[in-house]
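Have the structure open as you read.

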Amino acid sequence: LLSGETGIYGKEPRVFYMLSQLMAHAQEQVIIHTPYAVCNDYMYDTLTNLCAQVPDVTMMVNSVENGDNLVASSDYLKNKGHLIETGLEIYEYDGGISYHGKSVVIDNDISIVGSYNLDLRSTYMDTELMLVVKSEALTQELTGYMEDMHQDCRKVIDARTYETPPHLDIARIPPAKRFFLGFLGILLAPFRCVI
């Protein structure tokens, strides 16, 4: 069981650190599912090192069109390029309902599930728990569910380009809302630690 601190003030990034240590031991692949991705330089650097060590590191997040958290979506729009630069293979979920699963698969035998979002609030403020299970059978089952979710995802090629499955009907964000999200990303930049 990976557990963060239980105090009410700022915390050390224990859960993120322990997850990153586990992921760094992967031989072949890491799959991360998180509703949001809001990182700082330490987290970007850790993900970059992970991608340099492990051949296949994939992350799935809600697309801006599909997500229900305007604040996290605005930050993702503003900082998406930083995530791409880490080397992550990023998939944006467009299944029509905002996804809130938090899970990690490491190779074919480690499954991790719990409450931790890959964001600054979960990393430095909230008390989070993640359960680590070493089981090939469970990992195979969880990987199957993850792969099913990926069927309704766009693969990120670069900050503006996607590989989109033919069956997906991507919602369009009205220009006014897209402008608002961009403005919100700039406005909230000093307060990213609570996102």
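What follows looks at a helix first, then at a pocket and the cavities.

This is a predicted model, in which local features need pLDDT of at least 70 and side-chain atom pairs count only at pLDDT 80 or more, while totals for chains, interfaces and linings use all residues. Residues are numbered from 1 along each chain as its sequence is written, and side-chain values use heavy atoms, with hydrogens and water left out.

α6 has 13 residues and spans 18 Å from first C-alpha to last, close to the expected 18 Å (1.5 Å times one less than the number of residues). Its buried residues are Leu181, Leu184 and Gly185, where buried means under 20% relative accessible area and exposed over 50%, with a 1.4 Å probe and protein chains only. Looking down the axis of α6, these buried residues fall within an arc of 100°, so they line one face of the helix (the arc uses directions from the helix axis to the C-beta atoms). They pack against α3 (70-85), with contact meaning heavy atoms within 4.5 Å. Pro175, Ala176, Phe179 and Ile186, on the other side of α6, are exposed.

On a 1 Å grid over the protein atoms alone, a cavity is a set of points where a 1.4 Å probe fits but cannot get out; a pocket is an open set with protein on both sides within 12 Å along at least five of seven lines, and lining residues have an atom within 4 Å of a point. Points are joined across faces, edges and corners, and a volume is the space filled by probe spheres set on them. By this rule there are three cavities of 30 Å³ or more.

| Space | Volume |
|---|---|
| Largest pocket | about 290 Å³ |
| Largest cavity | about 100 Å³ |
| Second largest cavity | about 80 Å³ |

The largest pocket has 16 lining residues, with Leu77, Lys80, Ala159, Tyr162 and Arg178 nearest its centre. α3 supplies the largest share, six residues. The pocket lining divides into six nonpolar, two polar and eight charged residues.

In the largest cavity, α1 (14-24), β2 (29-33) and β5 (103-106) each supply at least two lining residues. That lining has nine nonpolar, four polar and no charged residues.

Technical notes
Helices (H or I, at least four residues) and strands (E, at least two) are DSSP runs, numbered from the N terminus. Ala, Val, Leu, Ile, Met, Phe, Trp, Tyr, Cys and Pro count as nonpolar, Asp, Glu, Lys and Arg as charged, and the others, Gly among them, as polar.
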